[in-house]
Amino acid sequence: MKFRSVCFFALLAAMSPQPAFSQGTQPGARPVAAEIQDQTDPVIGRWRFKDGKNFWEFYSNGEAKLFESNGEAPRLVGRWSRTGVLDAAVKYEIKWSIGTSDRAHLLKSPQKLVIDSINGMSAERVERPQVPQATSTGEADPIVGKWMFPDGPNGREIWTLSQDGTAEHRWGKALGAWQRGVWELEQGELSPRRYRIKWGGETRGVGVNLSTNPEKLFIQATKGGTMVGKKVAGNSK
């Protein structure tokens with residue numbers, strides 16, 4: 001889909017004047033105090049579009065970003081603001097740094113974000129995993145770190161799993177292709193520890209088991225068989 005961003009935003013910019021920014025605020029800049037959003041605004045978080053490949057993220061400091069599921073840098077950045085409530089829907093405006101804007105409304109039941117300017121296209125909230133708790137020794141979860149997997153003729157894969165529950169997957173030539181994701185602990189009281197990792201727009205994700213002696217990560221491949229990853233030290237790629 002490429003989110004139809006180039007054509008759509010160019011058309012939008014040509015057809016309609018852009019709303020003025022509040023005094024003292026420029027696209028992509030830090031907002032003035034009056035624009036800083038309520039920490040509990042229901043739009044804050046990550047939203048996955050119906051195609052499962054594109055995401056919008058709204059932050060409590062008023063920032064907005066558009067990501068593709070396998071893209072490292074946001075495709076678009078900007079600022080969001082609440083513009084009102086109409087018929088039980090909370091209304092928002094997103095002003096992108098390229099000079100265009102979008103309008104959206106958030107339904108309360110079910111909780112869904114509808115982008116008004118793209119034929120009512122909808123997005124569903126992606127729940128972030130709870131931040132994993134430290135182990136009984138006070139250390140980070142043992143799955144946290146970088147893991148290297150052999151990938152046959154395609155070289156190798158690197159998975160980076162962070163303590164905050166986020167994940168990154170790199171592969172291909174010079175590890176240039178990649179996805180973002182999240183991980184969660186499913187079973188930690190038994191050995192091996194069992195986890196689930198969800199990449200991009202996946203809903204079910206992949207199950208993995210962690211062995212502690214030696215420390216290896218076992219992934220059940222979708223077509224049968226098992227991939228085994230080994231932990232790498234430091235910032236090695």
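This is a predicted model: local features need pLDDT of at least 70, side-chain atom pairs count only at pLDDT 80 or more; totals for chains, interfaces and linings use all residues.
The 8 strands form a closed barrel in the order 1-2-3-4-5-6-7-8, and their pairing is antiparallel. From one strand to the next, the twist averages 30°.

**Strands 7 and 8.** Select residues 111-115, which are strand 7, together with residues 121-126, which are strand 8. These two strands pair in the antiparallel sense over 4 bridges. Select Leu113 next; its bridge partner in strand 8 is Ala123.

**The aromatic pairs.** The structure holds 8 aromatic pairs. Display the side chains of Phe58 and Trp80, whose rings form an edge-to-face pair at 6.1 Å centre to centre, with 80° between the planes. Phe58 belongs to strand 2 (residues 54-58) and Trp80 to strand 4 (residues 76-86), so this pair ties together parts that are 22 residues apart in sequence. Both Phe58 and Trp80 are buried.

Because Trp80 lies in strand 4 and Tyr92 in strand 5 (residues 89-96), the pair ties together parts that are 12 residues apart in sequence. Tyr92 is buried, as is Trp80.

Now extend the selection to Phe49, Trp56 and Trp96: ring pairs link these residues with Phe58, Trp80 and Tyr92 into a cluster.

**Charges over rings.** Select Arg46 and Phe55; the charged end of Arg46 sits over the Phe55 ring, 3.9 Å from its centre. Finally, select Arg180 and Phe67, where the charged end of Arg180 sits over the ring of Phe67, 3.8 Å from its centre.

Terms used. Residues are numbered from 1 along each chain as its sequence is written. Side-chain values use heavy atoms; hydrogens and water are left out. Two strands pair if DSSP finds at least two bridges between them. Axes are lines fitted to C-alpha atoms, for helices over the stretch in contact, and angles run from 0 to 180 degrees between N-to-C directions. Rings of Phe, Tyr and Trp (its six-membered ring) pair if their centres lie within 6.5 Å; planes under 30 degrees apart count as stacked, over 60 as edge-to-face and the rest as tilted. Buried means under 20% relative accessible area, exposed over 50%, partly exposed in between (1.4 Å probe, protein chains only). A charge sits over a ring if NZ of Lys or CZ of Arg is within 6 Å of the ring centre and within 35 degrees of the ring normal.
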